[in-house]
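Please look over the model below. My notes follow as numbered points.

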Amino acid sequence: MSLLNDLINLDLSETTEKTIVEYIWIGGSGMDLRSKARTISGPITDPAQLPKWNYDGSSTGQAPGEDSEVILHPQAIFPDPFRRGNHILVICDTYTPAGEPIPTNKRYNAAKTFSHPDVVAEEPWYGIEQEYTLLQKDVKWPLGWPVGGFPGPQGPYYCAIGADKAFGRDIVDAHYKACLYAGINISGINGEVMPGQWEYQVGPSVGISAGDQVWVSRYILERITEIAGVVVSFDPKPIPGDWNGAGAHTNYSTKSMRSDGGYEVIKAAIDKLGLKHKEHIAAYGEGNERRLTGRHETADINTFLWGVANRGASIRVGRDTEKAGKGYFEDRRPASNMDPYVVTSMIAETTILWKP
């Protein structure tokens, strides 16, 4: 095994200028990340330097067998924390050979929204709180839970330490450092209310980069759990009953909200979000109705309400924002399995572009 590890960690810079590029894309379910690698000559500093590539879309649920080719367009590059050196990860979106975005390519429309002059002028910032649950591989039961049984009730586990309360910290810390290495603006981590559940935050990120960074952070997390022999779940309610679900609370501000008088802009934006509550809920993640019950720090899925420092609201405004009269707000409705391209662009579209 030591020889295998030596080979995995070989420093190629001593013998070649070639770069290994891991092309990453989103598969047919909208949550399954796929990737494959190719060798490119020389160091890469811009995705425009990379060639387009293709894959068999009939094997990912994205194309029929008789016309299976899907084209990968490189969009954003990140240093590769697994291979290191000059090697990189590249997040791609997906097109037909004729150049049309395929139905599961949610980045395409998001990029159009974020390139709109009115949106560009507002410089939308996002901070996404990605929750997830670590599962034992063979039994698909949360890490640290007795197989077929339950731990003690919630209470001692949130931000906890100790072998009987915090399960999987080595994975969490490895992911934290790997994301920083990759240039992802990961701003923190914490243990969550349900044992075996964790959260990390990505942001502040501007526009389309928020979606790119969240997707690549998920990719890195899945790769690390693969190495650790653990399964990561983004299910919004992995365990039924009196256990917290998993969300992806999305913190948001625009230039106008961050400027003097921004609190009034925030309230107007929240009013718009309330008018489009059903449309947003429909796009905020699959199975979210199991999580948004009005319990466990959520608002009921059919009810829109906002409040200051209220974690049982659809939209929470922080005390600091209220006091300063400017700042940001938190949309608490998105599920942990939401598509960040869809959620971030939809919030911008509703609050900036939509005129009721």
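1. The second largest cavity is lined by R291, L292, E297, T298, A299, D300, I301, T303, A313, S314, R332 and R333. A cavity here is a set of points on a 1 Å grid over the protein atoms alone, where a 1.4 Å probe fits but cannot get out; lining residues have an atom within 4 Å of a point. This cavity holds about 60 Å³ of space. A volume is the space filled by probe spheres set on the points, which are joined across faces, edges and corners. Its lining has four nonpolar, three polar and five charged residues. Ala, Val, Leu, Ile, Met, Phe, Trp, Tyr, Cys and Pro count as nonpolar, Asp, Glu, Lys and Arg as charged, and the others, Gly among them, as polar.

2. This is a predicted model: local features need pLDDT of at least 70, side-chain atom pairs count only at pLDDT 80 or more, and totals for chains, interfaces and linings use all residues. Residues are numbered from 1 along each chain as its sequence is written, and side-chain values use heavy atoms, with hydrogens and water left out.

3. Most residues other than glycine have a negative phi. E297 sits in the loop between α8 (277-283) and β11 (306-308). Helices (H or I, at least four residues) and strands (E, at least two) are DSSP runs, numbered from the N terminus.

4. Three cavities of 30 Å³ or more turn up in a search of the whole structure.

5. Check helix α5 (residues 208-228). Its 21 residues should span 30 Å at 1.5 Å a residue, and its end C-alpha atoms are 31 Å apart, which agrees. The expected span is 1.5 Å times one less than the number of residues. G229 follows α5, with a positive phi near 70°.

6. Look at the peptide bond from G203 to P204. This bond is cis, with omega near 0°. Most peptide bonds are trans. P204 is in strand β8 (residues 197-206).

Terms used
1 Å grid on protein atoms, 1.4 Å probe; cavity = no way out; pocket = protein on both sides within 12 Å on 5 of 7 lines; lining within 4 Å.
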